[in-house]
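Hi everyone, thanks for coming. Let me put the sequence and the structure up, and then we'll walk through where the chains meet.

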Amino acid sequence: MRNRVLGVAAVVASLAMLATACGGSEGGDAGASSDAEPTGTISIWARDSQQGFMSELVKLYNANHKVQAKVTIIPASSFVQKLGTAASSGSGPDVSSIDLVYAPYFASAGALEDITEMADALPYKDALSPSHRRLSAYEDVTYALPFTAEASAMYYNKDLFKKAGLDPEKPPTTFAEIRDAAKKIRALGSDYYGFTFAGACGGCNVFEFTPHVWASGGDVLSEDSKTATLDSPQVTDALQLYRDMWTDGSIPSAAKNDAGTQQIPLFTSGKVGMTPLGAFAIPTMEKAKVNFGVTPIPGKDGSEGSFAGGDVISVITGTKNEAGAKDFVKWATEEEAQSFLAKNGSVPVRTDLVEKIYNTQGEHYAVFGRLMGIGKTPYSVVENPIFNDNNGPWIKMINDAVFGGDIAAAQANGQKAAQALIDGG
Amino acid sequence: MASPAIILIGTFFLVPLIMTFWISLHNWPLLGKHRFIGLDNYQRALNDPAFGTALKFTLLYTLVITPILFVLGLGLAMLVRRKVRAAGVFQSIFFMPVCIGFAAGSFLWLYLGQSQIGPLFDLLRRAGIVDRDSNIFAGMWTALLMVIAMVTWKVVGLQMLLLLSGLQSIPDEVVEAARIDGAGRWQSFLHITLPLLRPTLALVLVFSVAGSLLAFDQFFIMTGGGPSNQTITAVYSIYRNSFISFKLGYGAALSVFLMAILAVVSAFQMLLLRNTDHH
């Protein structure tokens, strides 16, 4: 029952939780792949949120490769535990798609194969999502390749903007403009709200709130990821913005306990002006017939930020068909696979292809396609307990600060708890 | 003859129990090497403020919900015990929610009570009990009340059924005799029905208290441990240590700890209800 529960709860949240890393994995320059074409069979694990495209993708691969792959779908809620246990007992799959934020953890625990040589030999290695590449490396060794991507941006309701006397083609680009727009939309009537966010969802806010911090020039972890920086002034500014919107009455009370399930329904009801989300929400929004626009999440005085989410794909330690596993992992980053993924809900991980295979699908897609290249991801082996845990320090800080009001105390507590998690490994 | 039962108990209770205990003596991360650390995990558990808070909240929840369930269950059982057709219909109605899973029930009530969109919220707002801009799940006590309402709706039918079977095993003659001796309704309930119901009461209470001490799903879904982590139960805390922080050893130690508490509480209840026999 627990799994089922988690599964349902994860539907929206899991999509929003995808995370990645940025930076670069450097390496040698040996030629990858084919002395002889690999053969045999391989097993691949993926999460239920990828069910829609994964089996089709594998069919595409099987059609013109000697290696034959088979997918097993694992519930997202228990994926980390399952892969962890299987890998440590040697009964894991040959290949697995892994939520980017968990890559450092799995790499640090020895569950992933070193694929540095193959990764460095890819002709397009520098065009791969920088954040994915950063998270795929652990202590200068590459353990994964980018697979699918996701970016975060702000959705806004053009009709409400017009009604409130705002220019629907000029969405807010600073904190002050967001607050002002939210206030004006709120003034449309007691049912209307300017802004909403998932106030009880850690994963949602690492995806949707940290971009404010990054765009303001700050961060939530130090460069070496050994120090939490939840008490930095850029975090204060972003919390202050949300706090101000809350005291203005621009945020609905539903945001207080929203674990990620209400944001989209609230926005598609047509009564909420702005909300930060990922590309995954585009189809839902289009179906709901809301006249919406997508704009980058701004920093305090402008600039733009995005979370780089998605999956990386790895060869799992103990595989019996390493050549076949590597072949699939490599193919997954090639144009054939990426084009297929682009048409099935994923932002491509190839910055060199994004224009051609993704942005062409519409203006909203183009925004996300561009943001994928600048996206960041917190890199930490304890990313899950700090950020994604819905009872962890990150979301508690945001909730306490925005709805409680004592921002300084909330930040101090969050900083202390997060640092304790980092220090405790 | 008993061997199938022993095999079942061995496979699904004893072996996992021993393994849990064994794991609890280790620093056992989900991935990577584990190492033996003796009783360190238990020592840590005793000084873990987060688990302490969770335990206290679990006890509070148990103390509040047990009498509610018991009184309502007994009340319903008294109402539907009569042997008329309508009684059977109401029995089924009261029992129906029991057939719904905890998770489904939790999601249902989460939706019902949700600000802005929930029908129950709307009713309460029209009745002037809650404010248009308020959020039931954003206050610890209101959130707890919602959970209690859901759990009551969900399990009171089962308690009713158990108590009903207890009531029906009381011979009519005994009650009749008391009536003839001039006992009033209340007197015969207090001095005849309740004492004769004792074995059933013990069963119902032990079940109910154990279930409440092990509460997880309802809070995980309905409150997510919020607001501000104030509604995290003991099992929720074990779940977080094991599967969010990936500390299986520590999670196992907390489980053993909780099991000991549960055993003590259950034994105490059994003892209490048995002892009254001698008075």
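So, how many salt bridges are there between chain B and chain A? There are two, counting a side-chain nitrogen of Lys or Arg within 4 Å of a carboxyl oxygen of Asp or Glu. In one of them A:D389 pairs with B:R240, with the closest N and O atoms 2.2 Å apart.

Quick housekeeping: this is a predicted model, where local features need pLDDT of at least 70 and side-chain atom pairs count only at pLDDT 80 or more, while totals for chains, interfaces and linings use all residues. Residues are numbered from 1 along each chain as its sequence is written, chains are lettered from A and ligands numbered from 1 in the order written, and side-chain values use heavy atoms, leaving out hydrogens and water.

Back to the contact, meaning heavy atoms within 4.5 Å. Chain B brings 34 residues and chain A brings 34 residues. Together they bury about 2800 Å², 56% of it on carbon and sulfur atoms; that's the accessible area (1.4 Å probe) the two parts lose on being put together, summed over both. On chain B's side, B:L30, B:L31 and B:F246 supply 22% of the area that chain B buries against chain A, more than any other three residues.

Polar contacts next: 14 residue pairs between chain B and chain A, both at pLDDT 80 or more. Those are pairs of N or O atoms within 3.5 Å; within protein, one must be able to donate a hydrogen and the other to accept it, and residues adjacent in sequence count only if both atoms are side-chain atoms.
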